[in-house]
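Please look through the sequence and the model shown here before reading the report that follows.

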Amino acid sequence: MAVIVPVVLWGQETTQKDSVPDIEYNYQRNTYEIADIKITGADNYEDFVLIGFSGLAVGDKVDIPGDQITKALKRFWKQGLFSDVKILATKMTRDKVWLEIQLKQRPRISELEYQGLKKSEREDLEVKVGISKGNQMTPDLKDRAETIIRKYFAEKGFHNTKIRIQEYPDRDHPGYVKVLVQVDKQVKTKVGHIYISGNQALSATKINKAMKKTNDNNIVNLFRTKKFVQEEFEKDKDAVIEKYNEIGYRDAYIVSDSVVTNPDDPTKVDVYLEVFEGEKYYFRDVTWVGNTLYPYEYLNRVLGVKKGDIYNLKQLNKRLLEDDDAVSKLYTDQGYLFFNVDPVEVKIEGDSIDFEMRIYEGKPATINEINIVGNTRVYEHVVRRELYTKPGQLYSQSDIMRSLRELAQMGHFDQEKLVPDIQPNPEDGTVDITYQLETKSSDQIEFSLGWGATGLVGSVGVKFTNFAIQNLFNKKAYRIVPQGEGQTFSINFRTNGIYYNSVSLSFMEPWLGGKRPNQFSISAWFSSQTGYSDRYYQSYQNLYNTYYSSYYYTGNSDYYQQLQESEADPDKFLRTFGISVGYGKRLSWPDDYFAFYGDLSYQMYWMKSWPYLLVTDGKCHNLALTLQLSRSSIDNPIYTRRGSAFSISAKVTPPWSSIMGYSNSELDGMNNSEKYHLLEYYKIKFNAKVFTPLTPDGKLVLMARADFGYLGSYRQQTKSPFETFYMGGDGMSSYTSYSTEYVSMRGYSSGSLTPYDYTLGRNMGYVYDKFTMELRYPITLEQRATIWCLAFLEAGNCFSDIKDFNPFDLKRSAGLGVRIYLPMFGLLGVDWGWGFDKINGSNQYSGSQFHFVLGQEL
C-alpha cells in the first residue's frame with residue numbers, strides 16, 4: 001500500500017526533512033502518470049495558461065526523478081515573472097502522481113519616477129525602455145532598461161552615464177512596488193584629437209573630412225559635431241575605406257584603431273587610426289555579356305568609364321544602377337523591370353583591372369494594376385488623370401517618377417511621403433503599382449495687415465484648391481464649398497475703411513473637359529481709392545513749418561492722424577475694374593514639360609481729380625492679350641530640390657493710334673486724357689530658375705534665378721504710364737497699384753530703384769533685370785509646416801528707357817531669411833538684406849532692410 005505524502009520534487013527552497021520522505025536520485029527512477037495538476041500563488045493568470053506553459057499535462061507519463069519536471073521549472077524561471085517556483089507531489093500511488101505548481105509572482109509597478117532627465121528625454125525613454133505602471137518588475141526588464149538608457153545617452157555623446165534603478169514596496173498596495181530611475185549623464189564625451197598613420201594618398205585633413213560623425217576640434221570641422229559615439233565611429237571607419245576606394249585604392253583597410261581617454265581631460269578621447277593604402281588601380285577593358293537590346297558600344301558610352309580611368313567601384317555602380325541616366329534606366333524605361341547587371345572583375349594585371357558586365361535583361365514587364373491608397377480629399381479620377389502609368393502599358397521608371405512629380409504639383413498630398421509600392425510578378429511578367437498617398441489640406445485663409453499711404457490696410461481672403469463647380473447643387477459634396485474636382489476658387493477683400501476698398505475673384509479648372517490637361521481660368525477684380533481734400537494737402541505742407549512741427553509733437557501727436565481720417569474727399573477717386581479669361585495646355589514638343597498659356601484681359605481706370613497720374617480725369621481702357629511659353633521640371637512646388645522653370649511671355653495691346661490713323665502731330669496736340677484713353681504697349685518678360693542639390697540627401701539646395709522685363713511702345717507719343725515696373729523692397733503692396741508691376745529687390749526699400757521719368761514726370765521703370773543666387777536648407781519638411789532658412793546674393797536694376805539699359809549696371813545686396821509654409825496660410829517669411837550701393841538720386845547707401853513675405857516668393 002502506497003504512502004500518500006507531499007513530496008517536493010524540485011524547487012528553490014526545500015521543506016523540513018521530517019515532513020517528506022527522501023528521494024534517492026541514485027536509485028532507479030519510477031514512471032508515473034500525471035493524474036492532476038494544480039496551480040497556486042498566481043492569481044493574475046489563468047491556470048490553463050500556466051499549465052500549458054509548463055509543458056506538463058494530465059495523462060502524461062513522467063519519471064520521478066526525471067528531467068520533465070526539471071524542464072518545466074526552467075521554463076518558468078526563464079520568463080522571469082516569478083521569484084519562487086516549486087513543483088510538489090501532493091499524492092502518489094503505484095503508477096499515478098498528483099502535482100501542485102507553487103508560484104510566487106514578482107511585484108507589479110504602481111508608480112514610476114525618473115530623476116535627472118529633461119522632459120523630452122523622459123518622453124523618449126518611456127517608449128523605449130518598456131517600464132510602465134502595471135507591468136511586473138523583473139531582473140531582465142531592469143537590465144534591459146539600463147542597457148537602453150545607457151545606449152540612448154551614448155548616442156548623444158554621454159559615455160559615462162550612471163544609472164540606478166531602485167524598487168520600494170508600496171505599502172498601500174500589497175504585491176506592488178514603486179520604481180525610481182535615477183540617471184546621472186555626467187559630462188558629454190568629445191573627441192580630443194585624431195591621430196592617423198600610414199596615409200600618403202589621402203591627407204589627414206581629407207580623412208578627417210570623410211569621417212562624418214567622428215570629428216576633432218579642427219577648422220575643417222567648425223560646424224560639425226565633436227561628440228564621440230562608438231557606433232558612428234565604426235561607420236566612419238567604413239567611410240574612410242570607401243573614400244580610398246573612390247580614388248583607386250581598392251585594397252585599403254584599417255590596420256588598427258584605438259580610443260584612449262585624454263590624460264589631460266577625462267571628458268575627451270583621442271582616436272588613433274593606422275591605415276594600409278595598398279596600390280592604386282585603374283580601369284582597363286570593359287566587356288558586356290547578355291545584352292541584346294543595346295550594342296556594347298552604346299552601353300560603354302552611357303557607362304562613361306574609359307580605359308585608364310581611376311578605379312572607383314562606387315562611381316561604377318552609380319553609373320550602372322543609381323544615376324538618373326544610369327545604364328539600368330535604359331532598360332527600366334523600356335519595361336525591363338527584371339533587369340540586372342553584375343560587374344565582375346575578370347582580370348587583374350599589374351595596376352589594371354578588366355571588368356565583365358554580366359547582364360540579365362529578362363522580359364518586359366506589363367503594368368497589371370494601378371492602386372491608389374490614402375486619398376481622402378479628391379475624387380479618384382482626379383488623381384488617376386495625373387498619372388503617367390496606365391494598366392496595360394510597359395513598365396517605365398521614368399513614368400513613375402513623372403507621376404510622383406505630378407501628384408506633388410497637385411498640392412493635395414504630402415510631397416515628402418509620396419512613395420510608390422512596386423510589386424513585380426516574375427511568373428506572369430506583370431507588375432502592380434500602388435501609390436501610397438497621405439492627404440493634406442491645401443486650402444488657405446489669408447488675414448494680413450499692412451501699412452499704405454493712408455494708414456492701416458486689412459486683407460481677408462480664402463483660397464479653395466479642391467473646388468468642384470460641377471457639385472454646386474450637390475449638398476453632399478459641400479465642405480463649406482463643393483469640393484472634389486481639384487479646381488481652384490479664391491476670393492479676397494481689402495480695405496482700410498475710408499480710403500481704399502477692393503475685391504477680387506478667380507476660378508481655375510486644370511482639366512477642362514476632364515480628358516486633357518487643358519487649363520481654363522477666369523478672374524475679375526474691382527478697387528476704389530478716395531483722395532484727400534485740398535485743405536488736407538495745405539495742412540500736410542504746414543507739417544514741415546517749424547511752428548506747426550512743434551505743435552504736432554508737443555502733446556498733439558494724434559492731430560495728423562485725426563486730420564487724415566476726416567479729410568476724405570468723395571469727389572476725388574480712382575476706380576479700377578478688370579476681367580480676364582485664360583486658356584492653357586501642356587505641350588508634347590519639345591517635351592511634355594512645356595506648356596502654353598494665353599490670356600485675354602480688359603481693365604478700365606476711372607479717374608476724377610486724381611493728381612497722382614498723368615491722367616487726372618477720364619477713363620483709360622486696357623485691352624491686352626498675353627501669350628506665355630513655359631517649361632517646368634521642378635520636383636516639388638514648395639521646397640524644390642531639383643529641376644528648372646523657364647518662362648517667356650508677351651503682353652500686347654492693339655496699336656490703337658495707328659488703327660485710328662492719328663499722326664504724331666495729332667497725338668502731340670492731345671491732352672493726356674485723350675491720348676491715353678485707349679492704352680497701347682507691348683510687354684516682354686523672361687524668367688528662369690534652376691535648382692541644384694548640393695548634398696546627397698538633396699536638402700542643401702542652390703537656386704539660381706534670372707529675371708528680365710521690358711515695357712515698350714509702338715510710338716514715342718503713346719508711351720504708356722501704366723504697366724510700368726516698380727522695383728525695390730519685398731515686391732508687395734497693400735494696394736492694387738495703378739497697373740504697376742512690383743518687382744522685389746531685397747536690401748533696398750520699396751520702389752527705391754525705380755528711376756524718375758522726366759518725360760512723364762513720374763517714377764516709372766520700363767526695363768529691369770535681376771539676378772539671384774539663393775542657398776536653402778530645410779529645418780523641417782513635415783506636413784503641418786515646411787520651414788527652411790536661406791542666404792542670398794542679389795543684383796539688379798531698373799531703367800527708364802531701353803536706351804539706358806546696361807546689364808552690368810547693377811545694384812547689389814546680400815542677406816539671410818527664413819520661410820514657413822503652412823497649408824492653411826500659404827507661404828510666410830522674413831528676410832534681412834543689406835544693400836551695398838547708393839539708390840537713385842541719393843548719396844546714401846541703402847544699408848540694412850527687412851522684408852516680409854506673404855503668399856508669394858521674392
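## Cysteines and disulfides

A disulfide is counted where two cysteine sulfur atoms lie within 2.5 Å of each other. In general terms, such a link is a covalent bond between the sulfur atoms of two cysteines. By this criterion the structure, which is a predicted model, holds zero disulfides.

## Overall make-up

The protein chain has 858 residues, of which 43% are buried, and its secondary structure consists of 17 helices and 39 strands. When contacts in the chain between residues at least 6 apart in sequence are considered, 62% of them join residues that are at least 24 apart. The chain exposes about 45200 Å², and carbon and sulfur atoms supply 53% of that area.

## The sheet of β6, β8 and β7

An open sheet is built from three strands in the order β6-β8-β7, with mixed pairing. Its edge strands are β6, residues 108–115, and β7, each of which pairs on one side only. Direction ignored, neighbouring strands of this sheet are turned against each other by 20 degrees on average.

Strand β7 (residues 162–169), by contrast, runs antiparallel to strand β8 (residues 176–184), to which it is joined by eight bridges; here Ile-165 has Val-181 in β8 as its bridge partner. β7 and β8 form a hairpin with six residues between them, and Gly-175 in the turn has a positive phi of about 85 degrees. Helix α4, made up of residues 139–154, lies across β7 and β8 and runs at about 150 degrees to β7.

## The sheet of β9, β11 and β10

A further open sheet of three strands has the order β9-β11-β10, and its pairing is also described as mixed. Because β9 (190–197) and β10 (253–261) stand at the edges with a single partner strand each, one side of each is left without a neighbour in the sheet.

Strand β9 runs parallel to strand β11 (residues 268–276), and six bridges join the two; one of the residues involved is Ile-196, whose bridge partner in β11 is Leu-273. Helix α6, residues 230–246, lies across β10 and β11, and the helix runs at about 145 degrees to β10.

## Salt bridges

The structure holds 41 salt bridges. One of them brings together the side chains of Glu-416 and Arg-641, at 3.3 Å from N to O. Glu-416 is found in the loop between α11 (397–410) and β16 (419–425), whereas Arg-641 is found in the loop between β27 (618–632) and β28 (643–652), so this pair ties together parts that are 225 residues apart in sequence.

Because Lys-417 lies in the loop between α11 and β16 and Glu-438 in the loop between β17 (430–436) and β18 (444–452), the pair ties together parts that are 21 residues apart in sequence. Lys-417 is partly exposed, with a relative accessible area of 38%, and Glu-438 is partly exposed with a value of 31%.

A further salt bridge joins Arg-776 to Glu-774, with the closest N and O atoms 2.8 Å apart, and both of these residues, Arg-776 and Glu-774, are buried. Finally, Glu-386, Arg-402, Arg-405, Glu-406, Arg-586 and Asp-592 are linked in a network of salt bridges.

Definitions and conventions: Residues are numbered from 1 along each chain as its sequence is written. This is a predicted model: local features need pLDDT of at least 70, side-chain atom pairs count only at pLDDT 80 or more; totals for chains, interfaces and linings use all residues. Side-chain values use heavy atoms; hydrogens and water are left out. Helices (H or I, at least four residues) and strands (E, at least two) are DSSP runs, numbered from the N terminus. Buried means under 20% relative accessible area, exposed over 50%, partly exposed in between (1.4 Å probe, protein chains only). Contact means heavy atoms within 4.5 Å. Accessible areas come from the Shrake-Rupley method with a 1.4 Å probe; for residues, only the protein chains shown count as cover. Two strands pair if DSSP finds at least two bridges between them. Axes are lines fitted to C-alpha atoms, for helices over the stretch in contact, and angles run from 0 to 180 degrees between N-to-C directions. A salt bridge is a side-chain nitrogen of Lys or Arg within 4 Å of a carboxyl oxygen of Asp or Glu.
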